[in-house]
Amino acid sequence: MCESAESLGQGAADGKRPMAHNSDPYRQEVSPAIPAGGVYHGAPSSVLHAGEHALRSLESRRSVGQGFLSEPGPRREELFRILSIATCVPDHGNLEPWRLIVFSDDTRIAVGERLSAAYRHENNFMELHRLEKFANSVCQAFSCTPLTVLVISSPSLMTNIPISEQEASAAAVCMNMLNAVHAYGFGAKWVTGWAASSTSAAAVYGLNTHERVVGIIHIGTSTECPKERKRPDLNRIVRYNLIEEEPNLT
Ligand SMILES: Cc1cc2nc3c(=O)[nH]c(=O)nc-3n(C[C@H](O)[C@H](O)[C@H](O)COP(=O)(O)O)c2cc1C
């Protein structure tokens, strides 16, 4: 079954637009569940209900390939909320070590063309038909999706918080964004590849030397139900209450 947040009853009923959030199902219900004394006596049933929607939304998220993301993308106010949720992530030292670049409307076409030109320039040693194939696919990934958000790790170098932790926070931004997009009823995919790692691509985005693209998040309306995929076997990867009897501390 293709279960989206929308099919869970959170979507708008206006046909084409995936979601409308005039009435927020969570805002009212997620009220102070933990009283001032700090003892949690269980959530009122309305809170559990809202929580169950959130859990199902998280469980049902699947990536949707760029070729299956069409118009419409999120509206301005929807995007604003998606980005607000995306940046509500753990961030050691409150450094905000990330920034976002949104490509929509004409800029997604322009950036696609510039990336494609940069790809041709950087790879001019390649066989022509392969060069054209890859240059065009770089361009299409941007120009054919309604909206693309670059999540850029922009770490502070003037702190003792390791860069790896700052980059982990940027990765959390990507993940939160995917979940927020899905909760709105849209589809998305987190990709990287040449457009994320090449220095010529970085120049197209105007990145500083200490910055790097952690995620390219393509967003739109899903035109197909993404297939299920094998999920991790928790029995294999989780151990409970396990510690080494005699750890090797040398
Ligand atoms: C850092 C990162 C980079 C990724 N880059 C790509 C990519 O360039 N191309 C791609 O097809 N999938 C890429 N993926 C995988 C997809 O985002 C996605 O996880 C995968 O298609 C599985 O789909 P699911 O999200 O439904 O589990 C990347 C994932 C991560 C975490």
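Modeller: Gladly. A crossing is left-handed if the near helix is turned anticlockwise from the far one by less than a right angle, and right-handed if clockwise. The crossing of H4 and H5 is right-handed. Residues are numbered from 1 along each chain as its sequence is written. This is a predicted model, with local features needing pLDDT of at least 70, side-chain atom pairs counting only at pLDDT 80 or more, and totals for chains, interfaces and linings using all residues.

Colleague: Why are H4 and H5 called roughly antiparallel?

Modeller: The axes of H4 (residues 105–122) and H5 (residues 128–143) cross at roughly 160 degrees and come within 7 Å. Angles under 35 degrees count as roughly parallel, over 145 as roughly antiparallel, 65 to 115 as roughly perpendicular and the rest as oblique. H4 and H5 are therefore roughly antiparallel.

Colleague: And what makes H3 and H6 oblique?

Modeller: H3 (residues 76–86) and H6 (residues 163–183) pack at about 140 degrees, their axes 8 Å apart, and therefore they are oblique to each other. H3 also passes H6 in a right-handed crossing.

Colleague: Which residues of H3 make the contact with H6?

Modeller: Ile82, Ile85 and Ala86. On H6, the partners include Val173 and Met177. Two residues are in contact if their C-beta atoms, placed from the backbone, lie within 7 Å.

Colleague: How confident is the predictor, in pLDDT?

Modeller: On that confidence scale from 0 to 100 for each residue, the protein averages 85, and 81% of the residues score at least 70. Over residues 1–42 the pLDDT is below 50.

How values were computed. Axes are lines fitted to C-alpha atoms, for helices over the stretch in contact, and angles run from 0 to 180 degrees between N-to-C directions. Helices (H or I, at least four residues) and strands (E, at least two) are DSSP runs, numbered from the N terminus.
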